[in-house]
Structure formats: C-alpha cells, structure tokens
Amino acid sequence: MIMDQIWNFSSGPGALPKSVLEQISRDVISWNDTGFSILEMSHRSDDFSHICYEAECDLRDLLNLSHDYAIIFTHAGGHGANAFIPMNLMARCYNRNADFIVSGHWSYTSYIEAKKYGNVRIAVDNNYILNHSDLKYKPRRWMPRLEDWRLSKQSSYVHLCSNETIDGIEFVDWPILSDMSVNSVLVVDASSNFLTRPLDIEKTGLVFACAQKNIGVAGLTIVMIRKDLLENFLPLCPSSFNYTNIFKANSLYSTPPIFPIYVASLMLKWLKLKGGLSIVAEENKMKSSVFYDYLDSTDFYYNEVERSVRSRVNIPFMMKEDALTSVFLSEAKKLGLINLNGHRTIGGLRASIYNAMPMSGVLSLIKYMRDFECHYG
C-alpha cells in the first residue's frame, strides 16, 4: 500500500526535501538538460568542478566562514573520520597525545579508534563505561560541565561531539580553548547537528560532518580545517585520506563521491533559499520544543536527558510499558510514520527531526502518540 504521506524520522540517512528529490530525479536522467546523467559525470569535468566550487561558496556563505579555513569533500563517514583525523593531526605534538570529551556513544567510539594512533586520554567521561570487556552500552543523560574538563596543557587536539545522535545530547556552546590556558585546538564532530543552526567554526581547528543527516546522502564527509593545521599528518596516513593532499587538489586528489557532493550542493542552495541558518535554527527550536512539551505532558512516554542539553535534532524516548514498543512501531509504520526505532544499543524509540522534517511531520507524530496513549494507556 502506498501512503499519501511518509514521514521519515530516520537518524540517518535522513529525509530530504521534496524539491531536492525532484531535482535529483530529473538530473539522474539528464543532468541540467544535457542528455547525460549526473551519475555519469566525470570528476575531472568542468561541470563537476563548478558543482564543487558552488558548494564551497554556498557553505562559506551559510557559515560566514573565513578563508583561513579549507573546506574539503572526502569519502567515508563518521567511522572513517574517526581514523583520518588523528592520522592528520597527531603529528602536531611530538608525543602524539590528544584529549577526548566522552559525552556519549560517538565520542567514545572516536576515542577508541584514536587510541590506535597516539597517546589518547579521556579528559572527562561523565562516569562513562570504560571497561572494554563490558560491551553493554550505557546511554548518557547529561553533558560534562566545562569546569570538569581535565585537559592536558598541551595536546594535538581536543575532540568534542557536538550532538550525540544516540544519546540525544547536544553541546551548543563550544569553548575557546585558549581561555582555558590550554595549548591545543578543538576538533568537533558536528555530523548530526551540522547546519541546523549557526556554528562558530572559528572557535575550532577542525569540524567534520557526515552528509547523511542534514546535508544529503551517505558517502560524503565535509571537513573544515584551519589551514595552518595542514601538514601535521602521520607517515602512515593513506594518501587519499591525507587532508593536505585533498586540499591541494581541490578535493580531487582521487575520484571523490560525485553524487553525494552534487546532492550536498542542492541542499546548501535549499538552505540559502529558506533564508539561512538563523531561520533554520528557529524552525528547529520550535519543532523540538513542541515535541518535548508533549513528552513532558505525559508519563506514558518519557525522555531522560537533562533538559539543559536536550538535542534539538535527535530525540530518544521510552514508553512506560516497554512491551508496547514493537506495537507502537508497527502501527506507526502503517500510518506512514517510519524509522522511529531507537538505536540497537539502547532500544526504545527515537525521532530525528533534521532540517528537512517540517512541523507538520512532528505534529503528525504527536497526534499518533496521543491516539496510541488513549488506546493503550
């Protein structure tokens, strides 16, 4: 059965705007009315160079980002970036050390991966499970306070995840490390809240974001790195994932993910057409506020994240009667409300309301949740 309306609450790949999907459908058949598909485009062509150039310009415009930062388009997703970043930055310090703020699943995953390449330490862990023999995941409910960070006086970088997609925790105000008497640079994994609000990139040394949340489809990671941090790669860093090589080749060191870059370019134009990140931020604040207000009004569903750090884009929640979760998901799917299951490590439910999810989708979910509660509560 084909639904009149599908609301996709997936945490990634996330939903895309209808207008962008319609443009993609045309360009897959005949890109820009040229008679050949965007899927057939050469990465060495002038057409693709123009797509990359416009995407970079639009991104700089949206973020008000200076040319002190390089923007590069690379392969792989978050797991890949967790390896590529230490390989590109660890050589900043002779002892290859780095600090990690462990606030949830993804920052912990980043920490474990980086341990392969240097002397990595946890600067604050929020009582996170550090026993590697215990594979059971324990979700976080709050963000480590800045005053609890125990940073090294000098390190290659300090890693922070600005939005824990699984835990539903968002770090809104990024610190300035120099104000903390620390000789280091901030590295931010902004994958799941990238371009959902204005971001102060210039507080950081490097920001990376996977595309499949708010910027398009899987296969692309966007990296913004301060140019003076290039040339700090380890000898073992693969040439194709060496940020210095990619920057010097204008993201064309090897065949890049052409289609994901093209989709990202459409999404960037869509964001500009909406009025920019300040407008988008207000929309996201309103959508999440409406949803949290409903969650807080009932004890049939609940969210355990501390209110001051609740994510605007990934909202995990549980049901008072956990046995009803499978019924909830099954009946939601019949109504076109899909991908509401929580992450496999913690179960429960999760609504990811990225930029492309309109308020009408959030309201449709709330209506269903009310009806479900009336029937089963």
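Ser 326, Lys 333 and Lys 334 are exposed on one side of helix H8. This is a predicted model. The helix spans residues 325-334, and its buried residues are Thr 325, Phe 328 and Ala 332. These three cover an arc of only 55 degrees around the axis, so they sit on the same side of H8. An α-helix has 3.6 residues a turn, so residues three or four places apart point the same way.

What covers the buried residues of H8? The cover includes strands S11 (301-302), S12 (314-319), S13 (337-338) and S14 (349-352), together with helix H9 (359-376). After H8 comes Gly 336, with a positive phi near 85 degrees.

S11, S12 and S14 form an open sheet in the order S11-S12-S14, with antiparallel pairing. S11 and S14 are its edge strands, and each pairs on one side only. Helix H7 (residues 277-296) packs on this sheet and touches S11, S12 and S14. The direction of H7 makes about 15 degrees with that of S12. Within the sheet, Phe 317 has Leu 349 in S14 as its bridge partner.

Strand S9 has a separate set of pairings. Five of the five residues of S9 (residues 206-210) are buried, so the strand is largely enclosed by the rest of the structure. Leu 206, Phe 208 and Cys 210 point one way from S9, while Val 207 and Ala 209 point the other way. Val 207 stands opposite Val 188. Val 207 also stands opposite Met 224 in S10.

| Strands | Sense | Bridges |
|---|---|---|
| S8 (residues 186-189) and S9 | parallel | three bridges |
| S9 and S10 (residues 221-226) | antiparallel | five bridges |
| S12 and S14 | antiparallel | four bridges |

Now for Asn 163. This residue lies in strand S6 (residues 163-164). Is Asn 163 buried or exposed? Its relative accessibility is 2%, so Asn 163 counts as buried, the cut-off being under 20%. Which side chain does the side chain of Asn 163 join in a polar contact? The partner is Ser 192, and the contact is 2.8 Å. Beyond its neighbours within four places in sequence, Asn 163 is in contact with residues including Ile 169, Glu 170, Asp 189 and Asn 193. Ser 311, Val 313 and Asn 314 are also among its contacts.

Definitions and conventions: Residues are numbered from 1 along each chain as its sequence is written. This is a predicted model: local features need pLDDT of at least 70, side-chain atom pairs count only at pLDDT 80 or more; totals for chains, interfaces and linings use all residues. Side-chain values use heavy atoms; hydrogens and water are left out. Buried means under 20% relative accessible area, exposed over 50%, partly exposed in between (1.4 Å probe, protein chains only). Helices (H or I, at least four residues) and strands (E, at least two) are DSSP runs, numbered from the N terminus. Two strands pair if DSSP finds at least two bridges between them. A polar contact is a pair of N or O atoms within 3.5 Å; within protein, one must be able to donate a hydrogen and the other to accept it, and residues adjacent in sequence count only if both atoms are side-chain atoms. Contact means heavy atoms within 4.5 Å. The arc is that of the directions from the helix axis to the C-beta atoms. Axes are lines fitted to C-alpha atoms, for helices over the stretch in contact, and angles run from 0 to 180 degrees between N-to-C directions.
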